[in-house]
Amino acid sequence: MARQVVLPFRKSLEISLKSIQVRFFRSMITVASLVLAVAFLSFTLTGSDVAGGLLRSGDPQLRLALVEAGYDLPALPSAAVSAAAEAARLQTSPKERWIVILSLLVCTVGIVNAQLMAVTERFREIGTMKCLGALDRFILRLFLLEAGMQGLVGSFLGALLGALVGVLAGLLRFGFAAATHLSMIDLGATLGLSIAVGAGLSLLGVVYPAAVAARMRPVEAMRAQE
């Protein structure tokens, strides 16, 4: 029986980083698609955070500005419902939610396609590692690490970009009140959620390609490049 090679996590990380460097431009395409999808999600959530902060301020002029901006609110506050409760119910429109969902789905499909192409390009590399005794879980770990690093970078940049554009849009629509009444806790939660969603989609998109690579037989992988 062939001896199985078990490399430490640090070595797996080094190999994954090297692979990203070698395929830098392809990796950047994947990261860019993730940046755009997460940025739109972050932008949408930040807009809700801005509106919620303005509503919680209790200023009737800001409330009227929200109504004029298209938010589904009565022009006059209700005595039975607090401003905080109304702010908690502020949500994006169904149209915006569907656009966000579709953009994330398209991004996931793009990640799957890019990773499948990466597997095809690395047939010989995968075959060589398997001939040297690499375990299936080692191959799987490599692809998951690469996707995880790309996902974190893309999600972080996308979340920051979306939040920045969302705050700027709020400033243009509502003036400096959009920034002064914006809750940093809500904004932090938006950034965290956006990063988590983006990183999760990146890992989800690589599961099938990584499984294909891990199950590949060494002889088939080497023969595919001949």
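Visitor: Which helix gives the largest share of the nonpolar patch?

Guide: Helix 9, with 3 residues; helices are DSSP runs of H or I, at least four residues, numbered from the N terminus. This is a predicted model, where local features need pLDDT of at least 70, side-chain atom pairs count only at pLDDT 80 or more, and totals for chains, interfaces and linings use all residues. Residues are numbered from 1 along each chain as its sequence is written, and side-chain values use heavy atoms, with hydrogens and water left out.

Visitor: Which residues make the patch?

Guide: L140, L144, L203, L204 and V207, making about 380 Å² of nonpolar surface. Areas are Shrake-Rupley values with a 1.4 Å probe.

Visitor: Is V207 buried or partly exposed?

Guide: Partly exposed, because its relative accessibility is 44%; the class lies between buried, under 20%, and exposed, over 50%.

Visitor: Switching to T46. Where does T46 lie?

Guide: In helix 2, residues 24-56. T46 counts as buried because its relative accessibility is 0%.

Visitor: What does T46 touch, leaving out residues up to four places away in sequence?

Guide: G162, A163, G166, V167, L187 and T190, with contact meaning heavy atoms within 4.5 Å. G162 is 116 residues from T46 in sequence, yet the C-alpha atoms are 7.7 Å apart.

Visitor: And which backbone oxygen does the T46 side chain reach?

Guide: That of S42, at 2.7 Å.

Conventions:
Helices (H or I, at least four residues) and strands (E, at least two) are DSSP runs, numbered from the N terminus. Buried means under 20% relative accessible area, exposed over 50%, partly exposed in between (1.4 Å probe, protein chains only). A polar contact is a pair of N or O atoms within 3.5 Å; within protein, one must be able to donate a hydrogen and the other to accept it, and residues adjacent in sequence count only if both atoms are side-chain atoms. Patches are made of residues with over 30% relative accessible area and no salt bridge: like charges are joined within 9 Å, nonpolar side chains (Val, Leu, Ile, Met, Phe, Trp, Tyr) within 5 Å. A salt bridge is a side-chain nitrogen of Lys or Arg within 4 Å of a carboxyl oxygen of Asp or Glu.
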